[in-house]
Amino acid sequence: MSVGLKEPRAGKAALHNPDSRKPVTRKASAQGRQPGSSIDVQRKKLLVPFVGPAFVLYTVLFIVPALGAVWISLHKWAGSGPMKFVGLDNYGRIFRDPLFLSSFGNTLLLLFVVGAAIFILAFAMTLVLRDMAGKKVVRNVIFFPHLINALVFGVLAGFIFNPGGMVNSLLAPLGVTDPPKWLAQDNIFPLIMVTLVCTTTGYFTTILMAGVDRIPPYYYEDCALAGASAFQRLRYVILPLTWDVFGTCAVLWTISSVKIFEIVWVFGGSSGAGVPPTQSWTAAVYTYVNAFSGQSTPAYGAATASAVLSLALISVLVVLLRRAMRRDAVEF
Amino acid sequence: MSEYKLLAPLTARRRGRRGVSPALRGERSVVRGIGVGLLWLVVAISIAALVWMVAQAFRDTRAILDDPWGVPASLDFGNFVRAWTVGDFAVATWNSLLTTVLSSVLTVAIAAPCAYYLSRVDNRLTRGLSLYFILGLGIPAQVILIPLFVMLNKVYLTDSIIGLNLVYIGVSMPFTVFLLTAFFRSLPLEMEEAAALDGTTAFGTFWRITLPLAKGGILTAFILQVISHWNETLLALTLLQSTEKYTLPVALISFVQQQTYSGADWGGLFAGLVMVVLPMLVIYVWLGRRLTEGLTLGMGK
């Protein structure tokens, strides 16, 4: 293989820069300017009016509640009345709660199993899409589900899979006289997983494609001249050059999968008293039900403890992902 | 033949990005063929599903259940009227529209100056602030749910559209600041410098030079906020309690849950789904390219 991948690996500076290459040079020129230039001095005075409102709103409505969550998770509290400091007891309690364990397990299933399925499918789709005719049409269509509220898919699934529904009417001519009970409590979660794969893959395909499209065509031509097989081209050109985009996608999925709530909440349509069957709960649903369902005394401590654990999961994974992805980024 | 091969890279360059370069055209394997076929199948099914959903919204429940594959016999708006009146979708649509537009405008109006400052002034403070804003990107909504509810309850802002708007603005800050900072960095500095030489104040440069230049990026940020606020469910579900305050997703959930008791009204439900989806479709058809670019490049790194 004589593919020109000898470029130096990207340094830390390039990796930390949120925008690709251009700003690096621009920043350098900005630093090279005289520090005392009058517009810079004037600009610095704008700190409070420009950054202030955003900073205050963000701090009060986002950071303070996030810190508050950690604080509440250390207390036993029913939302009103006195808070009792119990230290890490809430964490110990939810780890002994089978309901939490199964909810958290479901979140991990979404994160890893659904994530893996999405990535394999999205990457396969990207490879096919890369040089097919009409790729813009396909890309535009598969991206659209990302803009639809997940509630819609949950409600539609209830219609499509109900006993007299469309899936069974499709299966009947194929000789399936006794179709599975799709919406039985145990089957809902696997169905949610399948639905999520179908509705999320398009979004990640779009992002991966943006990465693959960035690869200059002469690398492929070089491959063709060197007689590389399709697999070699994938292994030595496409994968190394899109590695950082994969990293971004993995971070995005980690963050968004832990939040999944709406689709679980309504999946299967009118499934009962407003709370979905416990088998399909995720950590987010566990938090909501424990605090707001109105079915039992609200346990704010346990609910926030579950949420804080989700946040810890995200933080650990994002740090690990950044570590794992850092080495292999190739500048081109 | 050999001549053609020699010229191949040249012609490829000349064709630019359009079409497939001849060097790549050789491989037409079976697997690829199947892949292409499957992709078009996915596209066909997606479009069909959308059309089907809209079509069902014009049929009554009995017809839908008898034959879910059918097409509407006539353009009957009965479902929409019922959803509008019985299902409280009218007031919910209004609330959603108001909340979405108001909070998105304010989010961008507040985030843009901040992003401008962070993109133009480079020192330890701004680097720290940028990091501080980025932190929020990783915090899932369920973490702040309960403290936010407790806090807003103390100042009587739960079950209030104003409260919800405030929350949406605060929660959207990290992403919008992040996106716009990257965008402002990509703008040329020369015009600002020229304006500064002509004696324009720093604020004047921002207001009269940078903002007009940044129209595209700001519109993208605005539309992305519109989409996320229109679809936001968990916070609205938690913070709103009375029916006349519901936003569309919350109204949809309560409509689904009512059906447990009143029997399934699939016609009305499909009408509700169409009301949630259609505005997104309109925006997508109108500004689609901008959106995909904003979402893929903005989140790109």
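Two residues are in contact here if their C-beta atoms, placed from the backbone, lie within 7 Å. With that in hand, take chain B of this predicted model: among its contacts between residues at least 6 apart in sequence, 74% join residues at least 24 apart. The model as a whole scores ipTM 0.80 and pTM 0.81.

**Chain B at a glance**

- Chain B is built with 15 helices and zero strands.
- It has 301 residues, and 43% of them count as buried.
- The average pLDDT of chain B is 80, and 86% of its residues score at least 70.

**Where the two chains meet**

- The contact between the chains takes 86 residues from chain A and 86 residues from chain B.
- On the chain A side, helix α4 (residues 47–72) gives the largest share, with 15 residues.
- Sorted by class, that side of chain A has 59 nonpolar, 17 polar and 10 charged residues.

**A helix crossing between chains**

- The axes of α4(A) and α8(B) come within 8 Å of each other and cross at roughly 100°.
- Angles of 65 to 115 degrees count as roughly perpendicular, so that is the label for this pair of helices.
- From α4(A), the residues making the contact are A:F62, A:P65, A:A66, A:G68, A:A69 and A:I72.
- From α8(B), the partners are B:V143, B:I144, B:I146, B:P147, B:L148 and B:M151.
- By class, this contact has 11 nonpolar residues, one polar and no charged ones.

**Nonpolar cores**

- The largest nonpolar core has 157 residues, and those with the most contacts inside it are A:A54, B:A111, B:C114 and B:V177.
- Helix α9 (residues 161–185) of chain B gives the most to this core, with 15 residues.
- Take B:V177 as an example: leaving out residues up to four places away in sequence, it touches A:A54, B:A111, B:C114, B:A115, B:L118 and B:F133.
- Apart from that core lies another one, of six residues, including A:C223, A:A224, A:I238 and A:L241.

- Helix α14 (residues 283–292) of chain A is largely enclosed by the rest of the structure, because nine of its 10 residues are buried.
- Among the buried ones are A:Y286, A:T287, A:Y288 and A:N290.
- The buried residues of α14(A) pack against α6 (98–129), α12 (230–258), α13 (262–266) and α15 (300–326) of chain A, together with α8 (141–154) of chain B.
- Helix α11 (residues 217–226) of chain A has A:Y220, A:D222, A:C223 and A:A224 as its buried residues.
- Following α11(A) is A:G227, with a positive phi near 75°.

**A buried loop residue**

- A:N149 sits in the loop between α7 (135–143) and α8 (150–161) of chain A.
- Is A:N149 buried or exposed? A residue needs 20 or more other C-beta atoms within 10 Å to be buried, and A:N149 has 22, so it counts as buried.
- Not counting residues up to four places away in sequence, A:N149 touches A:E262, B:N231, B:T233, B:P249 and B:V276.
- A:N149 and A:L127 are 22 residues apart in sequence, and their C-alpha atoms are 28 Å apart in space.

**Positive phi in a chain B loop**

- Most residues other than glycine have a negative phi, which makes the next two worth a look.
- B:Y156 has a phi near 55°, a positive value in a residue other than glycine, and B:Y156 lies in the loop between α8 and α9 of chain B.
- With 10 other C-beta atoms within 10 Å, B:Y156 is exposed.
- B:D159 is found in the loop between α8 and α9 of chain B, and it has a positive phi of about 55° although it is not a glycine.
- B:D159 is partly exposed, with 15 other C-beta atoms within 10 Å.

Definitions and conventions: Residues numbered from 1 in each chain as written. Chains lettered and ligands numbered in written order. Predicted model: local features only at pLDDT ≥ 70, side-chain atom pairs only at ≥ 80, totals over all residues. Buried ≥ 20, exposed ≤ 12 C-beta atoms within 10 Å, placed from the backbone. Helix = DSSP H or I, 4+ residues; strand = E, 2+ residues; numbered from the N terminus. Nonpolar A, V, L, I, M, F, W, Y, C, P; charged D, E, K, R; others polar. Axes fitted to C-alpha atoms, helices over the stretch in contact; angles between N-to-C directions. Parallel < 35°, antiparallel > 145°, perpendicular 65-115°, else oblique. pLDDT = per-residue confidence, 0-100. Core = buried A, V, L, I, M, F, W, Y, C linked by C-beta atoms within 7 Å.
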